[in-house]
Amino acid sequence: LLNRVNVRRLLIALRREIRQVSNRFMFEPAKESTLQALEASIKPILSRYKSQGGIEIFRIDFSGTTQSDFDNKTIRGQVFIVPTTSLEFLSIDFVVTNKANFVSG
């Protein structure tokens, strides 16, 4: 799936935009309201790509964030997307901490 240039470029663009948005939450307290605000900031990006025909389905998931992560001021999240004309899910994993911001695809 990632050997298709358009899908790879889509993934790179999404990772870049998610990183920019999540950087704003780097020094916010790690709590449920922060997760909701982060999701509310990421959702318009994904909705824009969906309305422009780049992705079919998307889902944002913070279930990987444990109480231990909250205590360590860390947010773990995943964004699942299905690119247009594909039946496979792609996952963009990210971790927001006050030390560094890590986004992988």
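A nonpolar core is a set of buried Ala, Val, Leu, Ile, Met, Phe, Trp, Tyr and Cys residues joined through side-chain atoms within 4.5 Å; buried means under 20% relative accessible area, with a 1.4 Å probe and protein chains only.

The model is predicted: local features need pLDDT of at least 70, side-chain atom pairs pLDDT 80 or more, while totals for chains, interfaces and linings use all residues. Numbering starts from 1 along each chain, and side-chain values use heavy atoms, without hydrogens and water.

**Exercise 1.** Find what Leu14 touches, skipping residues up to four places away in sequence.

*Solution.* Start with the cut-off: contact means heavy atoms within 4.5 Å. Then list the partners: Ile45, Leu46, Tyr49, Ile81 and Ile92.

**Exercise 2.** Pick out the buried residues of H2 and what covers them.

*Solution.* Helices are DSSP runs of H or I with at least four residues, strands are E runs of at least two, both numbered from the N terminus. In H2, the buried ones are Thr34, Leu35, Leu38, Ile42, Ile45, Leu46 and Tyr49. Their cover includes H1, E1, helix H3 (67–71), E2 and E3.

**Exercise 3.** Classify the aromatic pair of Phe62 and Phe94.

*Solution.* Rings of Phe, Tyr and Trp (its six-membered ring) pair if their centres lie within 6.5 Å; planes under 30 degrees apart are stacked, over 60 edge-to-face, the rest tilted. At 6.0 Å centre to centre and 85 degrees between the planes, Phe62 and Phe94 are edge-to-face. Phe62 sits in the loop between E1 and H3 and Phe94 in strand E3, so the pair ties together parts 32 residues apart in sequence.

Note on methods
Buried < 20%, exposed > 50% of the residue type's maximum accessible area, 1.4 Å probe, protein only.
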